[in-house]
Amino acid sequence: MSATRVCSLSELEQDAAKRVVIDGIPIAVVKDSNGDVHAIGDTCTHGDISLSDGFVEGDTLECWAHGSAFSLLTGRPLNLPAYEPVPVYEVTIEGDDVLIDPAVTKAVTTDIH
């Protein structure tokens with residue numbers, strides 16, 4: 001699989017998440033307060049809840065339903081009730097285009113801080 005254009009940079013709001021689906025894989029695309037773009041699995045590992053409906057703070061995305069915050073850098077949950085990580089995808093920026101290849105994920109661990 002190759003990288004797919006999911007949106008433009010101008011479509012992303014700072015400190016907010018946007019849900020995209022690539023080949024059936026739901027992904028939350030987030031522009032953090034530094035302007036960095038991240039992509040993580042959009043489904044909370046504690047329940048079948050869309051993370052893109054949650055809250056962005058710093059480099060975390062918090063599930064609105066149960067309060068588990070996930071690292072945008074590693075996918076690890078930072079607090080309970082979630083204890084399994086979500087996948088983190090490589091993001092490529094080409095001009096104003098945001099591209100993601102859902103076949104390319106970053107390594108994550110299951111440690112909770």
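User: Which residue forms a salt bridge with Asp 42, and how far apart are the closest N and O atoms?
Analyst: Arg 19 does, with the closest N and O atoms 2.8 Å apart. A salt bridge here is a side-chain nitrogen of Lys or Arg within 4 Å of a carboxyl oxygen of Asp or Glu. This is a predicted model, so local features need pLDDT of at least 70 and side-chain atom pairs count only at pLDDT 80 or more, while totals for chains, interfaces and linings use all residues. Residues are numbered from 1 along each chain as its sequence is written, and side-chain values use heavy atoms, with hydrogens and water left out.

User: Where do Asp 42 and Arg 19 lie?
Analyst: Asp 42 is in the loop between strand 4 (37-41) and strand 5 (55-57). Arg 19 is in strand 2 (residues 16-22), so the pair ties together parts that are 23 residues apart in sequence. Strands are DSSP runs (E, at least two residues), numbered from the N terminus.

User: Is Asp 42 buried or exposed?
Analyst: Buried, with a relative accessible area of 1%. Arg 19 is partly exposed at 46%. The cut-offs are under 20% relative accessible area for buried, over 50% for exposed and partly exposed in between (1.4 Å probe, protein chains only).

User: How many salt bridges does the structure hold?
Analyst: Four. Side chains of opposite charge can pair when their charged atoms come close.

User: Which residues are linked in a network of salt bridges?
Analyst: Arg 5, Glu 11, Lys 18 and Asp 97. Arg 5 bridges to Asp 97, with the closest N and O atoms 2.8 Å apart. Asp 97 lies in strand 9 (residues 97-106) and Arg 5 in strand 1 (residues 4-8), so this pair ties together parts that are 92 residues apart in sequence. Arg 5 also bridges to Glu 11, where the closest N and O atoms are 3.9 Å apart.

User: What is the relative accessible area of Arg 5?
Analyst: 44%, so Arg 5 is partly exposed. Glu 11 is partly exposed too, at 41%. Asp 97 is partly exposed at 28%.

User: Which residues touch the most other members of the largest nonpolar core?
Analyst: Ile 40, Cys 44, Leu 51, Leu 61 and Phe 70, in a core of 14 residues. A nonpolar core is a set of buried Ala, Val, Leu, Ile, Met, Phe, Trp, Tyr and Cys residues joined through side-chain atoms within 4.5 Å. A second, separate core has twelve residues, including Leu 12, Ile 22, Ile 27 and Val 98.

User: What is Ile 40 in contact with, beyond four places in sequence?
Analyst: Its contacts (heavy atoms within 4.5 Å) include Ile 27, Leu 51, Leu 61, Phe 70, Val 86 and Tyr 89. Ala 28 is also one of them, and Ala 28 stands opposite Ile 40 in strand 4.

User: How many residues of strand 3 are buried?
Analyst: Five of its seven, so strand 3 (residues 25-31) is mostly covered. Strand 3 pairs with strand 2 in the antiparallel sense over seven bridges. Pairing takes at least two bridges found by DSSP between two strands. Ala 28 is the bridge partner of Arg 19 here. Five bridges join strand 3 to strand 4, again antiparallel.

User: What about the turns? How many residues are between the strands of each hairpin?
Analyst: Strand 2 and strand 3 have two residues between them, and Asp 23 in the turn has a positive phi of about 50 degrees. Strand 3 and strand 4 have five between them, with Gly 35 in the turn at a positive phi of about 90 degrees.

User: Last one. In what order do the strands of the open sheet run?
Analyst: The order is 5-6-7, with antiparallel pairing. Strand 5 and strand 7 (69-71) are at the edges with a single partner strand each, so one side of each is left without a neighbour in the sheet. Strand 5 pairs with strand 6 (residues 60-62) over three bridges, and Val 56 stands opposite Leu 61 in strand 6.

How values were computed. Helix = DSSP H or I, 4+ residues; strand = E, 2+ residues; numbered from the N terminus.
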